[in-house]
Amino acid sequence: WWTIASLSPAGFVPSPLETFAVVIDLIVSGTFIPHMLDTLRRVVVGFVIAFFGSLALGILMGFFARFERFFEMWVLVGLTIPSLAWAVLALLWFGTTDASAVFSIVVILSPLMTLNMLEGTKAIDRELIEMATVFRFSRAMTVRDIVVPQLVPHILAATRFGFALAWKVVVISEMLGLNSGVGYMISRSFGLFDMVGVMAWTVA
């Protein structure tokens, strides 16, 4: 980074020293925390809704063929629509509110996470399900004690890439039209042609 900044034309790539000086100033001045909390709130709410919805739908699709046949096409359609298109539509529908960012996260994450949960459900040991039937487990016990433990690796994988993607989606939404958050501040710095500000908010 330092080498690229040294070899680049003035103002093209700010040096690490310049950038981190601005980062420290943003934190000390109290500018950083409110915008970061706004972004994190949107990410957490959107991710939680997408996660539990995808978990339920993935399990239903994995166990019931009619659910898989009905939702498979919609999951594939959801995967092909660009994230930016969803973000723009959400802003048109919900305006510059948290709902637009949360909606974007949910509709972008849900197809990916549902597909992951579906594959995990199909990989479950069916003999354990048969054993639960023989021992007359309730449906709730079967899900809690047999299905969910075998889904844990898929749940962890979905959490890892889902949370990272949610962060990117919310920053795009904030850049496009919201009036707070990290993405908004990156967009604001861009509007002022403040390269150091853009880098500082990105790093922070």
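Author: Let's start with a term: a salt bridge is a side-chain nitrogen of Lys or Arg within 4 Å of a carboxyl oxygen of Asp or Glu. Keep in mind that this is a predicted model, where local features need pLDDT of at least 70, side-chain atom pairs count only at pLDDT 80 or more, and totals for chains, interfaces and linings use all residues. Residues are numbered from 1 along each chain as its sequence is written, and side-chain values use heavy atoms, with hydrogens and water left out.

Reader: How many salt bridges does a search of the whole structure find?

Author: The cut-off is the 4 Å one I just gave. With that, searching the whole structure turns up six.

Reader: Which helices hold aspartate 98 and arginine 42?

Author: Their side chains meet in a salt bridge, 2.8 Å from N to O. This pair links distant parts of the chain, 56 residues apart, with aspartate 98 in helix H6 and arginine 42 in helix H3. Helices here are DSSP runs (H or I, at least four residues; strands are E, at least two), numbered from the N terminus. So the two names you want are H6 and H3.

Reader: Is arginine 42 buried or exposed?

Author: Buried means under 20% relative accessible area, exposed means over 50%, and partly exposed is in between (1.4 Å probe, protein chains only). Arginine 42 has a relative accessible area of 3%, so the word for arginine 42 is buried.

Reader: Why are aspartate 38 and arginine 41 separated by about one helical turn?

Author: Their side chains meet in a salt bridge at 3.0 Å, N to O. Aspartate 38 counts as buried at 18% relative accessibility, while arginine 41 is partly exposed at 39%. The turn comes about because both sit in helix H3, three residues apart.

Reader: What is the relative accessibility of lysine 122?

Author: Lysine 122 forms a salt bridge with glutamate 68, the closest N and O atoms being 2.6 Å apart. The pair spans 54 residues, from glutamate 68 in helix H4 to lysine 122 in helix H6. Glutamate 68 counts as buried, at 17% relative accessibility. Lysine 122, though, counts as partly exposed, at 40%.

Reader: Which residues is glutamate 68 in contact with, leaving aside neighbours within four places in sequence?

Author: Contact means heavy atoms within 4.5 Å. By that rule, and with those neighbours set aside, glutamate 68 is in contact with Met61, Leu118 and Lys122.

Reader: Why are the buried residues of H10 on the same side?

Author: In helix H10 (residues 195-203), the buried ones are Val196, Gly197, Ala200 and Trp201. They share a side because they cover an arc (the directions from the helix axis to the C-beta atoms) of only 125°.

Reader: What do the buried residues of H10 pack against?

Author: One related spot is isoleucine 186, in helix H9, which touches Val198, Trp201 and Thr202, among others, not counting residues up to four places away in sequence. Isoleucine 186 counts as buried, at 11% relative accessibility. As for the buried residues of H10, they pack against helices H2, H3 and H9.
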